[in-house]
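Work through the exercises below with the sequence and the structure at hand. Each task is followed by a solution in steps.

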Amino acid sequence: MRYLVTIADRSFDIEVDGERVVVGGVEHTATLLDGTGTPVRNLLLDGSSWIVPMEPAGRGRWTVMRRGERFDVEVIDERTRHIRSLVGEGKGTAGPATLKAPMPGLVVRVLVAPGQTVAAGQPLLVLEAMKMENELKAPGQGVIAQVLVQPGQATEKGAPLVTFATPE
Amino acid sequence: MTIQRVLVANRGEIALRIIRACHEEGLEAVAVYSDADRSAPYVRAADLAVHLGPAPAAQSYLVIDKLVAAARSSGAQAIHPGFGFLSERAPFARAVEEAGLVFVGPPASAIEAMGDKTEARRRMEAAGVPVVPGAMAAVSDPAVAASLADSLGYPVLVKAAAGGGGKGMRVVREAADLAPALVSAASEAQKAFGDPAVYLEKFIERPRHVEIQILADGRRTIHLGERECSVQRRHQKLLEEAPSVAVTPALRERMGAAAVAAAKAVGYRSAGTCEFLLAADGSFYFLEMNTRIQVEHPVTELVYGVDLVREQLRIARGLEMSVADGPLVPRGWAIECRITSEDPANGFLPSTGRIAFLRAPAGPGVRWDSGVETGDEVTLYYDSMLAKLIVHGASRAAAIGRMERALRELVVVGVATNQPFHLRLLADQAFREGAIDIQFLERRPDLVAGAPDPVVLERLAIAAALAEDERRRAQKPAISGEPAARRTSAWRDQARREGLR
């Protein structure tokens with residue numbers, strides 16, 4: 001089976017046929033040992049031994065680790081890839097940009113108001129987590145459309161905090 | 001009073017560390033826990049456990065009355081406060097003393113004297129200990145603060161009067177930034193310590209953070225050399241080592257003598273630490289005294305062959321410290337990496353979740369002091385430090401090599417940790433040469449964030465492709481592998497044929 005594997009914005013064309021693995025036209029011998037009840041698997045690639053902790057993260061998705069670095073990996077087959085190219089999935093998201101909570105926490109201070117123009121890197125609000133205050137900054141220049149939280153409010157990871165006006 | 005049972009008024013890694021010391025000293029240990037910590041490893045390790053209350057520390061680990069009541073109900077004769085939480089709160093030490101219990105730490109009066117940073121500076125100056133130039137009184141009025149800052153000269157440092165651990169601290173490089181820094185530092189100080197008071201001092205450029213370990217038993221007050229903790233991010237220490245590349249035996253004796261004088265000036269007893277800024281020219285300035293056991297105490301233990309927590313327990317029992325009299329010399333080199341649930345790839349933001357799997361490093365010269373195990377939940381209620389990885393080697397280079405090996409063995413699945421950061425740091429040329437100071441990481445965002453290695457990415461991609469291929473092959477028979485007719489039973493086929501007759 002031939003797969004398109006995407007990891008950290010890089011894509012690899014990988015064909016798997018038993019222990020024979022072809023990556024971008026180069027042939028390798030590879031086996032992946034079972035974690036024997038743990039997520040820690042062992043990749044033997046052309047005789048090199050690699051410890052690779054990994055966990056399934058939904059259909060065709062894996063969270064793969066290497067010495068503490070975590071990567072979200074997507075593995076799709078040729079058919080899925082073809083369908084996606086026809087549908088044009090994943091291209092251009094409509095709607096206003098949103099600042100989302102990067103972690104669960106408590107909103108300590110809101111530093112901006114709707115209608116305000118902010119510069120890239122300007123602090124927008126302060127979120128407290130694990131006893132530390134974390135300043136969340138504007139990802140780019142823009143105009144604040146809505147502030148969706150207020151001081152004292154607890155937020156979940158990924159919760160929208162501030163939306164930016166869509167440029168005219 | 002004879003101490004047979006010690007209540008550990010803390011949680012996580014340090015609670016387990018203290019419980020282990022109690023057991024080695026032949027004492028029983030009582031754990032306390034909030035709703036979030038019922039299943040924590042330190043609770044299992046204790047002989048008795050007392051429930052304190054809800055998960056937020058303000059309703060559990062910070063409630064003096066609950067802790068004293070827990071000690072009474074569990075029959076403990078002493079309370080060890082650990083670090084953080086109430087460890088440097090004089091009212092806690094006093095409440096323990098007034099309840100007729102032994103506080104495993106300094107007298108309340110010493111905590112009080114060192115806890116008020118402005119008062120501590122006055123005392124240190126009087127004792128001949130060098131201090132950083134700065135304003136001695138707490139400031140809240142922005143205009144007063146501005147004129148103080150002008151007289152000190154920028155940059156200045158805004159610090160919480162009741163502080164520690166980098167909370168409520170701000171470096172201000174120009175006058176325009178002073179007022180907002182006062183507000184945010186005071187707010188953080190209020191939250192962390194329940195006291196919004198802040199003060200100003202001269203900010204010394206590129207100093208090293210070097211601290212001296214003190215041990216005092218009421219008879220002798222000695223120092224156990226230095227630890228260097230210059231690798232910090234936002235004033236949080238990340239890696240500590242003992243000894244320091246910047247400290248010669250002669251400087252060690254001078255700094256050690258200053259620290260001993262500081263401890264004696266406040267009538268100190270138990271283990272404590274004097275923190276100094278060490279400038280490039282060898283001059284040093286007293287920052288503060290931490291009147292408790294510190295996170296990084298193990299590096300001192302490894303190079304001096306001393307168990308500081310057991311010594312604390314001995315001293316609390318009225319015994320002499322077991323450290324021999326006479327000159328002490330550090331043996332080899334020790335390094336500690338704080339393993340925190342902070343994601344370096346995501347601006348060091350806290351990462352929470354269930355630890356799906358944990359494999360601790362082992363082997364020669366490796367010590368793993370952890371508060372978590374496989375299956376534990378990492379919540380936002382408490383500090384992000386999961387564990388401490390400590391190694392000892394014959395030299396600094398040997399210790400670095402050993403730490404790299406140990407870090408490569410560590411596997412944490414489920415939450416992101418700062419493990420990749422430590423590996424980048426240890427491989428860095430400047431770090432290896434010991435060319436570090438407390439602003440080192442500010443100048444090196446490349447070490448903090450890092451970039452994935454393309455070779456590694458390709459191998460991980462291959463592993464993921466193999467895993468996905470395996471998953472699909474395993475699922476096939478159940479989903480789409482066989483035509484529907486083949487899944488019907490032979491008995492039904494037979495019945496159909498009968499029916500067609």
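The exercises concern a predicted model and go from sheets to a helix, then to interfaces and backbone exceptions.

**Exercise 1.** Find which residues of helix α4 of chain B are buried, and what they pack against.

Solution. Step 1: in α4 (residues 90–98) of chain B, the buried residues are Ala90(B), Phe92(B), Ala93(B) and Val96(B). Step 2: these residues lie on the same side of α4(B), because they cover an arc of only 165° around the axis. Step 3: the buried residues of α4(B) pack against α3 (64–74), β4 (78–80), β5 (102–103) and α5 (108–115) of chain B. Step 4: after α4(B) comes Gly100(B), with a positive phi near 80°.

**Exercise 2.** Describe the interface of domain 1 of chain B and domain 4 of chain B.

Solution. Step 1: by the domain assignment, domain 1 of chain B covers 5–104 and domain 4 covers 334–434. Step 2: their centres, taken over C-alpha atoms, are 26 Å apart. Step 3: 19 residues of domain 1 of chain B contact 13 residues of domain 4 of chain B. Step 4: the two domains bury about 1100 Å² between them, with 55% of it on carbon and sulfur atoms. Step 5: two salt bridges are found across this interface. Step 6: Glu13(B) and Lys388(B) form a salt bridge at 2.9 Å, N to O.

**Exercise 3.** Describe the interface between chain A and chain B.

Solution. Step 1: 55 residues of chain A are in contact with 54 residues of chain B. Step 2: the area buried between the chains is about 4900 Å², 68% of it on carbon and sulfur atoms. Step 3: three salt bridges are counted between chain A and chain B. Step 4: Asp77(A) and Arg472(B) meet in a salt bridge at 2.5 Å, N to O.

**Exercise 4.** Locate Arg206(B) and Phe348(B), and decide whether each is buried, partly exposed or exposed.

Solution. Step 1: most residues other than glycine have a negative phi. Step 2: Arg206(B) has a positive phi of about 50°, and Phe348(B) has a positive phi near 60°. Step 3: Arg206(B) is in the loop between β8 (198–202) and β9 (208–216) of chain B. Step 4: Phe348(B) is in the loop between β15 (342–343) and β16 (349–350) of chain B. Step 5: Arg206(B) is partly exposed because its relative accessibility is 48%. Step 6: Phe348(B) is buried, with a relative accessible area of 3%.

Key. Residues are numbered from 1 along each chain as its sequence is written. Chains are lettered from A and ligands numbered from 1 in the order in which they are written. This is a predicted model: local features need pLDDT of at least 70, side-chain atom pairs count only at pLDDT 80 or more; totals for chains, interfaces and linings use all residues. Side-chain values use heavy atoms; hydrogens and water are left out. Buried means under 20% relative accessible area, exposed over 50%, partly exposed in between (1.4 Å probe, protein chains only). Helices (H or I, at least four residues) and strands (E, at least two) are DSSP runs, numbered from the N terminus. The arc is that of the directions from the helix axis to the C-beta atoms. Contact means heavy atoms within 4.5 Å. Domain bounds come from an automatic or database domain assignment. Buried area is the accessible area (1.4 Å probe) that two parts lose on being put together, summed over both. A salt bridge is a side-chain nitrogen of Lys or Arg within 4 Å of a carboxyl oxygen of Asp or Glu.
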